[in-house]
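User: I would like to go through the labels attached to this model one at a time, asking of each what value stands behind it.

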Amino acid sequence: MSKTVLVTGGTGRLGSLVVPRLRAAGLTVRVLSRRPGADARGDLATGEGLPVATRGADVILHCATAPKGDPTATANLLSAVPGRPHVVYVSVVGIDAMPAWGYTAGKLRCESLIAESGLPYTVLRAAQFYEYLLAPMRRMARWPLIPVPAGFHVQPVDATEVADRLVELVLSPVPGRAPDLVGPAPLTWAGMQRDYLRATSRHRRVLPLRIPGTAKVRAGGLLPKEPYATGAITWADYLGRVGTERPRRS
Ligand SMILES: NC(=O)c1ccc[n+]([C@@H]2O[C@H](COP(=O)([O-])OP(=O)(O)OC[C@H]3O[C@@H](n4cnc5c(N)ncnc54)[C@H](OP(=O)(O)O)[C@@H]3O)[C@@H](O)[C@H]2O)c1
């Protein structure tokens, strides 16, 4: 009988890439969402619907996130789970370097909650997705002068490669922390913004500005440390695929 996978965040940026891949791999997939018509209606913030949503799941792939409240959401999920499903959690590369930032502190707390839950688990830390970084770059490209964070070093990755890796981890779980997953090359925000402008034939000035509180990022804190794996899809490949679509009112 095929495994049943409950996917939290299955309607989100990453989750909506993972769900069809899991189904194509022959798994039975249930998507948890607050939206009407969801396979499993539930709210991680309040715990509503979670006991029913998690029932019978062999694997819980936890992709849900919100700007605030991820530790409460994760604690609610873990306390609702019956039995001993394998929990696969998606986290972010480099969060140890930013323990004071609200969102990354929350991700670290979620990792600890899962590790201390007594359930079998896998944590995959992924780098920032190209899609996530492109969204503000597109918006800023309307401005004649584009301020960007100076020295913002990242090694972003294509979200489809993260989705592929998550399917592998659901099918063949790695205990504990899996090697981090990043893209093929370290990049800077300024360089990526310029690449986007070139790809869309715009002439704008990019102005790197030093943002207070980002010293650790400038020192490479968001870059991966061994052990890590790299995806094959480059920023240029990604821009070639989607980046030249212009935003509507440009
Ligand atoms: N974005 C990146 O660049 C990046 C990089 C590395 C790792 N990650 C990690 O990858 C994971 C997915 O990120 P993403 O960017 O794909 O997220 P996203 O698009 O913002 O997705 C948010 C998802 O979370 C669900 N959600 C939020 N609050 C909920 C609640 N109270 N109850 C139930 N569901 C809730 C939403 O479901 P409904 O609205 O349908 O209820 C939605 O499906 C996160 O853990 C993130 O930290 C992201």
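**Labels and the values behind them**

Analyst: The shell around the ligand holds 26 residues, and the closest of them are Gly-12, Arg-13, Leu-14, Ser-33 and Tyr-132. Strand E2 (28-33) and strand E5 (86-92) are the elements that give two or more residues to this shell. The model is a predicted one.

User: How do you know which classes of residue make up the shell around the ligand?

Analyst: Sorted by class, the shell has 13 nonpolar, eight polar and five charged residues.

User: What makes H3 and H4 roughly parallel?

Analyst: Helix H3 (residues 70-80) and helix H4 (residues 102-115) pack with their axes 8 Å apart and at an angle of about 15 degrees. Angles under 35 degrees count as roughly parallel, and that is why H3 is described as roughly parallel to H4. The crossing of these two helices, H3 and H4, is right-handed. On the H3 side the contact is made by Asp-70, Pro-71, Thr-74, Ala-75 and Leu-78, which meet Gly-106, Lys-107, Arg-109, Cys-110, Leu-113 and Ile-114 in H4. By class, this contact of H3 with H4 comprises six nonpolar, two polar and three charged residues.

User: Why are H1 and H6 called oblique to each other?

Analyst: The axes of H1 and H6 come within 9 Å and cross at roughly 45 degrees. Roughly parallel would need an angle under 35 degrees, and roughly perpendicular one of 65 to 115, so H1 and H6 are classed as oblique to each other. Their crossing, H1 with H6, is right-handed. From H1 the residues Leu-17, Val-18, Arg-21 and Leu-22 meet Ala-159, Thr-160, Ala-163, Asp-164, Leu-166, Val-167 and Val-170 in H6. The residues of the contact of H1 with H6 divide into eight nonpolar, one polar and two charged.

User: Which residues of H1 are buried, and what covers them?

Analyst: In helix H1 (residues 15-24), the buried residues are Gly-15, Leu-17, Val-18, Val-19 and Leu-22. The cover over the buried residues of H1 includes strand E1 (4-8), E2, strand E4 (59-62) and helix H6 (159-171). After H1 comes Gly-26, whose phi is positive, near 90 degrees.

User: How do you know whether Thr-188 is to be called exposed or partly exposed?

Analyst: Thr-188, which lies in strand E11 (residues 187-188), has 17 C-beta neighbours inside 10 Å. Exposed would require 12 or fewer and buried 20 or more, so Thr-188 counts as partly exposed. Setting aside its neighbours within four places in sequence, Thr-188 is in contact with Phe-152 and His-153. Thr-188 and Val-148 are 40 residues apart in sequence, with 9.8 Å between their C-alpha atoms.

User: What makes Ser-201 exposed, and where does Ser-201 lie?

Analyst: Ser-201 lies in the loop between helix H7 (189-199) and strand E12 (205-209). The cut-off for exposed is 12 or fewer neighbours, and with 8 C-beta neighbours inside 10 Å Ser-201 counts as exposed. The C-alpha atoms of Ser-201 and Thr-244, which are 43 residues apart along the chain, are separated by 9.0 Å.

User: What is the value of omega behind calling the peptide bond from Glu-226 to Pro-227 cis?

Analyst: The peptide bond from Glu-226 to Pro-227 has omega near 0 degrees and is cis, while most peptide bonds are trans. Pro-227 lies in the loop between helix H8 (215-218) and strand E13 (228-230).

Definitions and conventions: Residues numbered from 1 in each chain as written. Predicted model: local features only at pLDDT ≥ 70, side-chain atom pairs only at ≥ 80, totals over all residues. Near = placed C-beta within 6 Å. Helix = DSSP H or I, 4+ residues; strand = E, 2+ residues; numbered from the N terminus. Nonpolar A, V, L, I, M, F, W, Y, C, P; charged D, E, K, R; others polar. Axes fitted to C-alpha atoms, helices over the stretch in contact; angles between N-to-C directions. Parallel < 35°, antiparallel > 145°, perpendicular 65-115°, else oblique. Left-handed = near helix turned anticlockwise from the far one by under 90°. Contact = placed C-beta atoms within 7 Å.
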